[in-house]
Number of protein chains: 2
Amino acid sequence: MGIILASASPRRRELLALITEDFTIIPAKGEEKADDTLEPQLLVKKLAEQKAVEVSSEHRKDFVIGADTMVFCCGKALGKPRSEAHAREMLTLLSGKKHTVITGVAIAQNGDVVNSFFEETKVEFFTLSENEIDSYIASGEPKDKAGAYGIQGKGALLIKGIEGDYYNVMGLPIGRLYHTLRRMQII
Amino acid sequence: MGIILASASPRRRELLALITEDFTIIPAKGEEKADDTLEPQLLVKKLAEQKAVEVSSEHRKDFVIGADTMVFCCGKALGKPRSEAHAREMLTLLSGKKHTVITGVAIAQNGDVVNSFFEETKVEFFTLSENEIDSYIASGEPKDKAGAYGIQGKGALLIKGIEGDYYNVMGLPIGRLYHTLRRMQII
């Protein structure tokens, strides 16, 4: 029985490696679908469960870890920016405010969810000038990230403080996952 | 007029590089001394000021950045562990509790402080088993770190959450320093 990470995210791979070097990466392929009217917390958990179950149904003996991260601000979910203009719009929205990052995590075996949870972190941005936003966009970091920023790298310069787990904002609440896997005697 | 970092810490160097590649490292040599009866916040600020002023008095035109980080738990300051047994003692103290990390930052020019501040972050540890503490000590990470842990690396597995700036716990509140240097038109 091995551990499989059902995610292609290099940040999640890097974080899981803090727990164990002994895992395989098999990203979930399916387009996850969940009822958009769900509470954000339940939505990300549901999406993580779908990813874990999809991969688990083909690798039944292993423990499969799925995760899904979303950024919520002012009542709406922020995905990955479609363009530089879209990134600018998101960063302008986040400037000077607190928003919420929620990651759902699911562990599946034999095609079934054996454990799942969500973790929530509040992130407060500095008030950013247009110039600061432009120079962050020029760094290329916003491109592939929900909410148009990453907390690691130059995104550090945008953030005044957080409440909760930092690694949750990177995409995987690794401390909580570590303690969960230990309690389940998987590691 | 250049920027000098008056610290030998590789973590501070890495963080300052997020702001600019254009700085020199000249660690302060003197043993900083400050009245131990000072409030922790004033103590770290004072120590940061001493480091910045020491280097600034020999490099008068440049802007010199000094920093000092201390970990406080249960009314006492935790330094770097002297031994594995000492690291175990500190980690056992931190287990299951919230503690405070304070970094003082000072900017000096012409041998005088031109700006200084402190930044405070609360860090909450998971309740750790002896086994978890032992395996963290075996990683070698506690050795050169105040409080016997680093929030980056495997230290991530010990931490439930924080309140405040993550980078402050690494040793430099880089977001606040960035905005301060910009306001002062140094960058």
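This is a predicted model: local features need pLDDT of at least 70, side-chain atom pairs count only at pLDDT 80 or more; totals for chains, interfaces and linings use all residues.

Trainee: OK. What covers the buried residues of α6(A)?
Mentor: The cover includes α1 (10-16), β5 (98-109), β6 (112-125) and α5 of chain A, together with β7 of chain B.

Trainee: And which residues in α6(A) are buried?
Mentor: I174(A), G175(A), R176(A), L177(A) and Y178(A) are buried there. After α6(A) comes Q185(A), which has a positive phi, near 60°.

Trainee: Let me step back. How many helices and strands are in chain A?
Mentor: Chain A has six helices and seven strands. Their order along the sequence is β-α-β-α-β-β-α-β-β-α-β-α-α. The radius of gyration is 17 Å, close to the 16 Å that the globule rule gives for 187 residues, so chain A is as compact as a globular protein of that length.

Trainee: What box do the C-alpha atoms fill?
Mentor: Roughly 50 × 35 × 25 Å, taken along the principal axes. Of the 187 residues in chain A, 44% are buried.

Trainee: Is β3(A) mostly covered or mostly open?
Mentor: Mostly covered: strand β3 (residues 63-73) of chain A has nine buried residues out of 11.

Trainee: Which way do β3(A) and β5(A) run?
Mentor: They run antiparallel, joined by nine bridges. One pair there is D68(A) with G104(A) in β5(A). On the other hand, strand β1 (residues 3-5) of chain A pairs with β3(A) in the parallel sense over three bridges, and I3(A) stands opposite F63(A).

Trainee: What about β4(A), how does that pair with β3(A)?
Mentor: Strand β4 (residues 76-78) of chain A pairs with β3(A) in the antiparallel sense, over three bridges. F72(A) stands opposite A77(A) in that pairing. The hairpin of the two strands has two residues between them, and C74(A) takes a positive phi near 55° in this hairpin.

Trainee: Changing topic. How many residues of chain A are in contact with chain B?
Mentor: 20 residues of chain A are in contact with 20 residues of chain B. The elements of chain A that give two or more residues to that side are β7 (159-164), α5 (166-170) and α6 (174-183).

Trainee: Which one gives the most?
Mentor: β7(A), with six residues. By type, the side of chain A that touches chain B has 12 nonpolar, four polar and four charged residues.

Trainee: How does β7(A) pair with β7 of chain B?
Mentor: In the antiparallel sense, over three bridges. The bridge partner of E163(A) is E163(B).

Trainee: And how are the two chains related?
Mentor: A rotation of 180° with 0.0 Å of shift along its axis superposes chain A on chain B, with an RMSD of 0.0 Å. The two copies are thus related as by a two-fold rotation axis. In chain A, E163(A) has the C-alpha nearest the axis, 2.2 Å from it.

Trainee: Why do you say the copies meet through the same surface?
Mentor: Because 100% of the interface residues of chain A are also interface residues in chain B.

Trainee: Last one. What does the model score?
Mentor: ipTM is 0.91 and pTM is 0.93. Chain A averages a pLDDT of 95, and 100% of the residues score at least 70.

Conventions. Residues are numbered from 1 along each chain as its sequence is written. Chains are lettered from A and ligands numbered from 1 in the order in which they are written. Helices (H or I, at least four residues) and strands (E, at least two) are DSSP runs, numbered from the N terminus. The radius of gyration is taken over C-alpha atoms; the globule rule is 2.2 Å times the number of residues to the power 0.38. A residue is buried if 20 or more other C-beta atoms lie within 10 Å of its own, exposed if 12 or fewer, and partly exposed in between; C-beta atoms are placed from the backbone. Two residues are in contact if their C-beta atoms, placed from the backbone, lie within 7 Å. Ala, Val, Leu, Ile, Met, Phe, Trp, Tyr, Cys and Pro count as nonpolar, Asp, Glu, Lys and Arg as charged, and the others, Gly among them, as polar. Two strands pair if DSSP finds at least two bridges between them. Copies are superposed by least squares on the C-alpha atoms of residues with pLDDT of at least 70 in both. pLDDT is the predictor's confidence in each residue, from 0 to 100.
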